[in-house]
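Subject: Structure handover

Hello,

Here is the structure I promised to pass on. Please open it first, then read the notes below.

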Amino acid sequence: MSSAENETKETGIRQYYRALYQTWGAQHWWPAETRFEVIVGAYLTQNTAWTNVELALTQLRHAGLLNVEGVRRVRLAKLEKLIRSSGYFRQKAARLKTFVAFLDAQYQGSLDRMFEEPLSTLREKLLGLNGVGPETADSILLYAGNHPVFVVDTYTRRIIERHNILSSEAGYEDVRALFERALAPIAQQEEHKSTSNRVELESGIRGVAPHSPSAMSTAHRTALVQVYNEMHGLIVGVGKHYCKKSKPDCEACPLQPFLPEEPALSLPKRSPD
C-alpha cells in the first residue's frame, strides 16, 4: 500500500471520528467503578452480549467479590455460579483465577505495579495468559491501565471492510496500527483545547444509548488515550445500532455519507419489505 493510499485511509478514519463525535458526543466507555472491574468485564465479555456481562458483574458486586482479594479467595465453583450469565462460565472463572495468580506472582497483587510496566512488555505478558487475545489485552491496557493502544473488535472490522478501508485479510495489528496513526493528529489537536471547552461540548450532546458517567469513564487520562477510548465506544454504537451483521441500516447511519459507491462484498443485500 502506497503512502498516498495510507494517508487517504487515515484521513477517512479521522472524518469518521469527527462525524460520530459531533453526532453522539462522549460515550462514557468503559462503564466501571474500578480498574479491576474493567479487567473482569474484559474477560467476561468474550463471546457474549454486554447485558449478560452486567448481570455477572452485579452478582459479583453483591457478593462482595468484585475485587482482587475476592476473586483470589472465592472457591472456583462459587465463582462459576456467580458469572454463569456471561456464558462459558467455567472457562472464564478459571481464567480470572489465572489472572489473579499472575498478578500475585508478577506484581505482588498490585494493579499499580502492573500498569507501571512499559506498554509493550505488559502487552506481551498479558497475551501469554490463557484466554487473553489481542482484543482482551488491549481492552485491559486502554480502559483499565490508560495505556495508549487502540482496541480492534468485530464492529471495527465490519465497518472498515464495508467501507473498503481494509479487507478481511488484514491482521489485527494492521488494523490497530492504521487507527493509531489516523487518530494521533486528533489527539494532538485536543491537547491544545481547554478542558472547560471539552466538558461544555460533551454535556450538550447525547449519544446512541450512552452509558452514564462512571469512575473509570471520567478518570484522568491523556488526550491520546481519550481519543482511542472515544473512537472505540463510537464504533460500538455504529455496530450495535446500524452496521449490523445482517440487515444493516446504512441510510440512517451517521457514516452513510462516507460509504463507497461500490461497498465491500461483506455488505449483505437488504431483503425486500
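**Around helix α10**

Helices α11 and α13 (223-241) are among what covers the buried residues of α10. This is a predicted model, so residues are numbered from 1 along each chain as its sequence is written, local features need pLDDT of at least 70, side-chain atom pairs count only at pLDDT 80 or more, and totals for chains, interfaces and linings use all residues. Side-chain values use heavy atoms, with hydrogens and water left out.

Some terms. Helices (H or I, at least four residues) and strands (E, at least two) are DSSP runs, numbered from the N terminus. Buried means under 20% relative accessible area (1.4 Å probe, protein chains only), exposed over 50%, partly exposed in between. Contact means heavy atoms within 4.5 Å.

Helix α10 spans residues 154-162. Its buried residues are T156, R158, I159, I160, E161 and R162. At its start, a side-chain oxygen of D153 comes to within 3.2 Å of the backbone nitrogen of Y155. N164 follows α10 and has a positive phi, near 60°.

**E180 in α11**

E180 sits in helix α11 (residues 172-191). Buried or exposed, what is E180? E180 is buried, at a relative accessible area of 18%. Its contacts, leaving aside neighbours within four places in sequence, are P148, V149, F150 and Y228.

**The α2/α3 pair**

Helix α2 covers residues 35-44 and helix α3 residues 50-62. Their axes come within 10 Å and cross at roughly 135°. Axes are lines fitted to C-alpha atoms, for helices over the stretch in contact, and angles run from 0 to 180 degrees between N-to-C directions. The two helices are therefore oblique to each other. Under 35 degrees counts as roughly parallel, over 145 as roughly antiparallel, 65 to 115 as roughly perpendicular, and the rest as oblique.

From α2, the contact is made by E37, V40, G41 and L44. From α3, W50, V53, A56, L57, L60 and R61 take part. These residues divide into seven nonpolar, one polar and two charged. Asp, Glu, Lys and Arg count as charged; Ala, Val, Leu, Ile, Met, Phe, Trp, Tyr, Cys and Pro as nonpolar; the others, Gly among them, as polar.

**The whole chain**

The protein chain has 13 helices and zero strands. Of its 273 residues, 48% are buried. Among contacts with a separation of 6 or more, 67% are between residues 24 or more positions apart.

Best wishes

Notes:
Polar contact = N/O pair within 3.5 Å; in protein donor to acceptor, adjacent residues only side chain to side chain.
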